[in-house]
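Hi,

Here is the structure I said I would pass along.

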Amino acid sequence: MRGGEAIIESLKNMGVETIFGYPGGQTIPFYDMLYDADINHILVRHEQCAAHAADGYARASGKVGVCLATSGPGATNLVTGIGTAFMDSSPIVAITGQVPTHLIGNDAFQEADIVGITMPIVKHSYQPKDPDLIPSVVKTSFEIAKSGRPGPVLIDVPKEVQEGELTKFDDSLIQTPGYNPTLKGNIRQIKKACDLIKQAKRPLILAGAGVIISNACCELKKLADTINAPVMTSLLGKGAFDETDDLALGMLGMHGRKVSNDTINESDLLIAIGIRFSDRTTGRLDSFVPNTKIIHIDIDPAEIGKNVDVDLPIVGDARNVLKSLNGLLTDYNVSSDVNAWTEMIKQRKKDLLPRVTYDDVPLKPQTVIKEISEVLTPESILTTDVGQNQMWAAHFYDTQKPRKFISSGGLGTMGFGFPSAIGAKIACPDDPVVSINGDGGFLMVCQELATVREYDLPVIAVVLENRTLGMVYQWQSLLYDERHSQTLLGNSPDFVKLAESFGVNAQRIEKPGETKEALQKAIKDNEPILLDVVVNPDELLPMLPPGAGINEMIGEYKLEKDV
């Protein structure tokens, strides 16, 4: 067995069925061995999209995604995708080719120190110099990627190591000194949390992506129902709690729902689970829950107290901790104070629903998201790009199940939405997959129309075309006296003709009702399609301006209570 064959065999042993990649000079030996292998390979049209597709696959399936690129520029093209996965705790293994060992450090053709370049944005890296190490390296990389707080791992394989013969196939795990994630929370801390919950009169739960990653959604639902506490989420926490539930308040933060932003500072206890309190979630820190006790549950001890001081830290896997906590709350009785608090918030939630007219032309983005919501089932997967399109979706699309809303949160990567939808479709072939994009972000990855056509992947790409870089345009409108510097995309292509040039069906949408009809037909036809939806560029999202407190939103909608 040669090194490349050992990579393939090791991937198969890890349950890998599909990898996303793009060949090059230093991966020719591997690709030659892949030619005869029974493992599925998706040829993307840009290496960055291989990383995003692997990421989308991982988020949709809960398994490790795998991407592959050659050395030098191929490897560096993976960097943005690796950084995206790192910021959002998504488990991927990135395999790169490298120049032969004797040329490393000599500035050889297409040589780049990808181990050094990616060091701040991976959990770990390996560069095996001996083919015998490959089985152990692959197995250990998967274990590191998916354990604890998940994240990307890099395997950089020199060309002659791919070609070299193994003397034995030994996939023993490599010991990783210092890496020993805490899975079970300290029971004394959990008992203290139980006491704080029993004392609270105005409890709230804030759920992040950690709830989804640890498969703790049922435990979260049980906790919320037991203590009758409303639940809000971060952007990446969407789906951790059914957003159609009476206790659901939706997303918190810079572009969060008004009921969440207006309510959080009134609580006397915040139970934060699997969340890192990013700046886009908290607003100005000195005005974030100043009089609220905080219980923070997270598997990564580095996140506890990093941004927000907490009263009770619990380090551990969210599912394990919530199981223990729920077990201690079997005798909990909801007080009249808690019931009154929750009923007040439920009424506030109704009062603060945005009042939107849905028959305007040009179309409002809210109209488009509403029509998409009316078609998709709870099993459907929605991926988003980054910018206004992302926040329209987060704000107006109710996600009912975990792993059904996929978006780039921490890095905020334009171009993420479409290739991540490719990965999600490979992971969940029976679920409808819709990708919502802005025209700016879609132009960064539009070559992947060739990929969906080549592999006949029925991904539905929705492009909200407003001929602007929408989020930056909005900031310029609200905060920079409408000085729209370099945010007008006047010479954008005809997206219908662009899609058709790749052999992908497309339709332009300009009137209310057309999105719903086109989406229903696209799901029925079960083939790749692009929907070019022309929307009003001057429709703005409510937001927290920089430096504002969590309840200091500007650009708010007309509300139900005002009608």
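Let me start with the aromatic rings: F418, F442 and F495 are linked into a cluster by ring pairs. A pair here means rings of Phe, Tyr or Trp (its six-membered ring) with centres within 6.5 Å; planes under 30 degrees apart are called stacked, over 60 edge-to-face, and the rest tilted. Before going on, please keep in mind that this is a predicted model, where local features need pLDDT of at least 70, side-chain atom pairs count only at pLDDT 80 or more, and totals for chains, interfaces and linings use all residues. Residues are numbered from 1 along each chain as its sequence is written, and side-chain values use heavy atoms, with hydrogens and water left out.

By that ring rule there are six aromatic pairs. One of them is F30 with Y31: the centres are 5.9 Å apart and the planes at 90°, so this pair is edge-to-face. Both F30 and Y31 are buried (under 20% relative accessible area; exposed is over 50% and partly exposed is in between, with a 1.4 Å probe and protein chains only). For F418 and F442, the centres are 5.3 Å apart and the planes make 50°, so that pair is tilted. F418 belongs to helix α18 (residues 417-427) and F442 to helix α19 (residues 439-445), so the pair ties together parts that are 24 residues apart in sequence. Helices (H or I, at least four residues) and strands (E, at least two) are DSSP runs, numbered from the N terminus. F418 and F442 are both buried.

K238 has its charged end over the ring of F405, 5.1 Å from the centre. K370 lies over the face of Y358, with 4.9 Å to the ring centre.

Next, S136, which is in helix α7 (residues 134-146). Is S136 buried or exposed? Its relative accessibility is 9%, so S136 counts as buried. The S136 side chain reaches the backbone oxygen of D170 at 2.9 Å. Setting aside neighbours within four places in sequence, S136 is in contact (heavy atoms within 4.5 Å) with D170, D171, S172 and I174.

Then there is an open sheet of six strands, paired in parallel and ordered β14-β13-β15-β16-β18-β17. Two strands pair if DSSP finds at least two bridges between them. β14 (405-406) and β17 (505-509) stand at the edges with a single partner strand each, so one side of each has no neighbour in the sheet. Strand β13 (residues 381-384) and strand β15 (residues 433-438) pair in the parallel sense over four bridges, and T384 has I436 in β15 as its bridge partner.

Most residues other than glycine have a negative phi, and most peptide bonds are trans. The peptide bond from V361 to P362 is cis, with omega near 0°, and P362 lies in the loop between α15 (336-351) and α16 (365-375). R467 has a positive phi, near 60°, and lies in the loop between β16 (459-465) and α21 (470-479). Q486 also has a positive phi near 60°, in the loop between α21 and α22 (495-501). With a relative accessible area of 27%, R467 is partly exposed, while Q486 is exposed at 73%.

Cheers

Conventions:
A charge sits over a ring if NZ of Lys or CZ of Arg is within 6 Å of the ring centre and within 35 degrees of the ring normal. A polar contact is a pair of N or O atoms within 3.5 Å; within protein, one must be able to donate a hydrogen and the other to accept it, and residues adjacent in sequence count only if both atoms are side-chain atoms.
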